[in-house]
Amino acid sequence: MTQRMNYFELAPDAVKIMREMEKYTKKSSIKRNLQELIKIRASQLNGCAFCLNMHTADARKIGETEQRLYCVSAWEECTFYSEEEKVALELTEHITLIAEKRVPDDLYARVRNYYSEKEYLDLIVLINQINSWNRLL
């Protein structure tokens with residue numbers, strides 16, 4: 001979890017933009033605990049220990065259970081995630097692994113069963129945001 005360079009010092013304007021995006025995602029209508037689960041799942045896929053450590057701690061602070069934190073990598077097999085959460089986690093995997101998975105029409109349709117068009121966009125922004133942080137850290 002050693003940072004290779006000081007991004008804040010080298011590119012303060014870029015970091016400022018990243019932080020503004022973070023503020024936007026926190027104001028979205030996507031539930032905060034789901035935001036953290038999404039950040040954890042993307043960070044698992046990207047192998048970002050720094051973000052995993054931060055977002056599991058943040059999730060605990062807002063009341064997320066240990067069971068749900070430990071099992072997020074196997075969300076498909078678990079009964080303690082709602083269908084709404086599962087489709088968001090599936091979208092997270094497809095966006096994070098976009099070159100391999102793409103976002104097929106059936107997934108888009110399933111996401112839209114639970115989320116409005118604006119919420120879909122907010123999910124995409126959130127997923128892209130954590131993927132950007134994972135690649136910086």
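The expected span of a helix is 1.5 Å times one less than its number of residues, and helices are taken here as DSSP runs of H or I of at least four residues, numbered from the N terminus. The model is predicted, so local features need pLDDT of at least 70 and side-chain atom pairs count only at pLDDT 80 or more, while totals for chains, interfaces and linings use all residues. Residues are numbered from 1 along each chain as its sequence is written, and side-chain values use heavy atoms, with hydrogens and water left out.

Helix α4, residues 49-61, has 13 residues and reaches 18 Å from its first C-alpha to its last, which is close to the 18 Å expected at 1.5 Å a residue. Within α4, the residues C51, H55, T56, D58 and A59 are buried, a term that means under 20% relative accessible area, with exposed standing for over 50% and partly exposed for values in between (1.4 Å probe, protein chains only). These residues lie on the same side of α4, because they cover an arc of only 160 degrees around the axis, the arc being that of the directions from the helix axis to the C-beta atoms. An α-helix has 3.6 residues a turn, so residues three or four places apart point the same way. The partners against which the buried residues of α4 pack are α3 (32-46), α5 (66-71) and α9, where contact means heavy atoms within 4.5 Å. Just after α4, G63 takes a positive phi of about 95 degrees.

Another buried position is E90, in helix α6 (residues 83-96), which counts as buried because its relative accessibility is 17%. Leaving aside residues up to four places away in sequence, E90 touches W75, L107 and R110.

The structure also holds two aromatic pairs. Rings of Phe, Tyr and Trp (its six-membered ring) pair if their centres lie within 6.5 Å, and planes under 30 degrees apart count as stacked, over 60 as edge-to-face and the rest as tilted. The pair of F80 and Y81 is tilted, because the ring centres are 5.1 Å apart and the planes stand at 50 degrees. F80 is partly exposed at a relative accessible area of 25%, whereas Y81, at 3% relative accessibility, counts as buried.

Y108 and Y120 form an edge-to-face pair, with 4.8 Å from centre to centre and 80 degrees between the planes. This pair links distant parts of the chain, since Y108 is in helix α8 (residues 105-114) and Y120 in helix α9 (residues 117-136), 12 residues apart. Y108 counts as partly exposed at 31% relative accessibility, while Y120 is buried, with a relative accessible area of 15%.

Key: Helices (H or I, at least four residues) and strands (E, at least two) are DSSP runs, numbered from the N terminus.
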